[in-house]
Amino acid sequence: MQAGNGFVAARGGLRAGTRKLLVVLSVAACIVVIADSLSACQHFQHLDHDQSCSDLFRVRSAIFALRGGSDMKEPEFNGEGWENPGNTELPIPPDTPDIHVAEDASTRRRRSKRRGEALGQYNELREQEQQDRFVAAIDLNPSSGELICSFAEWLRERGKTQRATEEYEKAVALSPDHPLILNNFASFIQHSHADYPRAQSLYEKALAAASEDGDRKGIMLNVAQAMVLQRHDPEQVDDMFLSAWKLDPTDPDVLVNYAMFRQTVRDYVGAERLLRQAVAIDQGHLQGLNGLAILLETIKAQPLDAEECYRRAYETDSSDVATLANLAHNLHAFKRDFDAAESLYKRVLSLHPAHPSALCNYGHLLQNERGNIAAAESLYKQAIALDPEHQPALLNYAGLVAKWGQEYHLALALYQQALRVSPTQLIALTNYASMLHHGMQRLDEAEKVYKQTLALQPAYIPALVNYGLLLEQQKLNEEAAALYQQALDVDPTASIPASAQSISCLHLRATKPNSG
């Protein structure tokens, strides 16, 4: 099983003027189980540590003066409804029942809706006030590139991409050699516009302009990230990581980033060494502990050692979403402690209710261990609504509707969407072919997909076995037996659900003396 090669940037602490950077390469490994020839592959996907785009070096020289009301707390989500923990009262309609009066469910829903609408109005007013403060400050100091960059970052956080782009352009025009402004704009271009060549060009300008080692180190990590996304020569990427590492050999963040890159080129021994070095320097380093645990779990097949790492991370921060989700996965997939795993999945979703991977994994547990098909379907739908390209959710939902609802046309669309995301994903190809074969009896199409899968990986047992079943159905028993034999050559314990006639053919092939 291979670790993923996506990048995820994790937000770090901010200090005046500059900020320490952490760009974490994700290790989004999937554990896959194919229960039979038709059921969907079931994915457990590790949560990336922070799946928001990189904010890199935020320039915030004026942000506290602009905010106002710094003692006011942001509303928090408690898993059931919005609460306002601050000292500002929300406007509640006068006909709302007293909070101590017993209410039925419909009354509580109406009350929650009114509170939500009031909170939304409050947030809109507060956001407009903040924007007005920024605009007023910029009017007083229109030549401050840092101030305009801060405004661009504020807009970026709120999803106002077009306006943020305009403000970044102004900031760079005013301060063309400011390394942090260039770096921030590069991050924005990379994550919001997917313009990797321009992002790399801006990163390189930022690197040339940076004089402090701390700034250079962070920018180097970002340049390396952009190089990977553009599929540069791995040796060039490696050189960039090494340059960042040489600036500070004891920085665990650099070690973790470098380790994740080494995994993308399948240097698992080197990656493990780097991760262990990182957690030796900082024994509570969350990304390092999670990264090491995932490597132990998926590459070295050491789930108990992985669990120990997750628990060390949990002791450091018991509310860290990535740690909770990864520990839940470990207990679910390996220890099969479904009660503990379910409790952790619920906690993850109370902290982060809109996380596709957590929804997908919890749906898998409900479907396969609790038999709660309706709840699993709901969770898969939520995951896909949040991320229409979330391949594990697409595949699991496709398998569910094909197996339990026989909604083959819906399943077909879901498989096709998953394959648009990753056209060479073996699990997706095999299950797509299996549904065409067993569910829809479209044998010619299924055979093409089986052949496509085996062209990518000739030793892939699920495709060998399922293609053998199709050949059996066409009375091509010798050909089927040859595929079954290939599967057994890869794994002598592989289950071959073949007819007695093909088993007989297989036995004859295995016992036939070699000629010559």
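Predicted model: local features only at pLDDT ≥ 70, side-chain atom pairs only at ≥ 80, totals over all residues.
Figure 1. Of the contacts with a separation of 6 or more, 54% are between residues 24 or more positions apart. The views that follow take you to a few places along the chain.

**Figure 2. Helix 3 against helix 4, a left-handed crossing.** Helix 3 covers residues 145–157 and helix 4 covers residues 161–174. Their axes come within 8 Å and cross at roughly 160°. Angles over 145 degrees count as roughly antiparallel, so helix 3 and helix 4 are roughly antiparallel to each other. To find the contact, look in helix 3 for G145, I148, C149, F151, A152, E153, L155 and R156, which meet R163, A164, E167, Y168, K170, A171 and L174 in helix 4. Sorted by class, this contact has nine nonpolar, one polar and five charged residues.

**Figure 3. Helix 19 against helix 20, a left-handed crossing.** Here you see residues 426–439 as helix 19 and residues 443–456 as helix 20, with axes that come within 8 Å and cross at roughly 160°. Helix 19 and helix 20 are therefore roughly antiparallel to each other. On the helix 19 side, the contact is made by L426, L429, T430, Y432, A433, S434, L436, H437 and H438. Helix 20 brings L443, E445, A446, V449, Y450, Q452, T453 and L456 to this contact. By class, the contact of helix 19 with helix 20 has ten nonpolar, six polar and one charged residues.

**Figure 4. E447, a buried glutamate in helix 20.** Staying with helix 20, we turn to E447. The relative accessible area of E447 is 16%, and buried means under 20%, so E447 counts as buried. Once its neighbours within four places in sequence are set aside, E447 is in contact with Y467, L470, L471 and Q474.

**Figure 5. E272, a buried glutamate in helix 10.** Helix 10 runs over residues 268–281 and holds E272. With a relative accessible area of 12%, E272 is buried. Leaving aside its neighbours within four places in sequence, E272 is in contact with L292, L295, L296 and K300.

**Figure 6. A480, a buried alanine in helix 22.** You will find A480 in helix 22, which spans residues 477–490. A480 has 0% relative accessibility and counts as buried. C505 is 25 residues away from A480 in sequence, and the two are 9.0 Å apart in space, C-alpha to C-alpha.

**Figure 7. R231 and R336, two loop arginines with positive phi.** Most residues other than glycine have a negative phi. In R231, phi is positive, near 60°. R231 is found in the loop between helix 7 (213–229) and helix 8 (234–247). At 76% relative accessibility, R231 counts as exposed. In R336, phi is also positive, near 55°. The loop that holds R336 is between helix 13 (321–335) and helix 14 (338–351).

Note on methods: Residues numbered from 1 in each chain as written. Heavy atoms only, no water. Axes fitted to C-alpha atoms, helices over the stretch in contact; angles between N-to-C directions. Helix = DSSP H or I, 4+ residues; strand = E, 2+ residues; numbered from the N terminus. Parallel < 35°, antiparallel > 145°, perpendicular 65-115°, else oblique. Left-handed = near helix turned anticlockwise from the far one by under 90°. Contact = heavy atoms within 4.5 Å. Nonpolar A, V, L, I, M, F, W, Y, C, P; charged D, E, K, R; others polar. Buried < 20%, exposed > 50% of the residue type's maximum accessible area, 1.4 Å probe, protein only.
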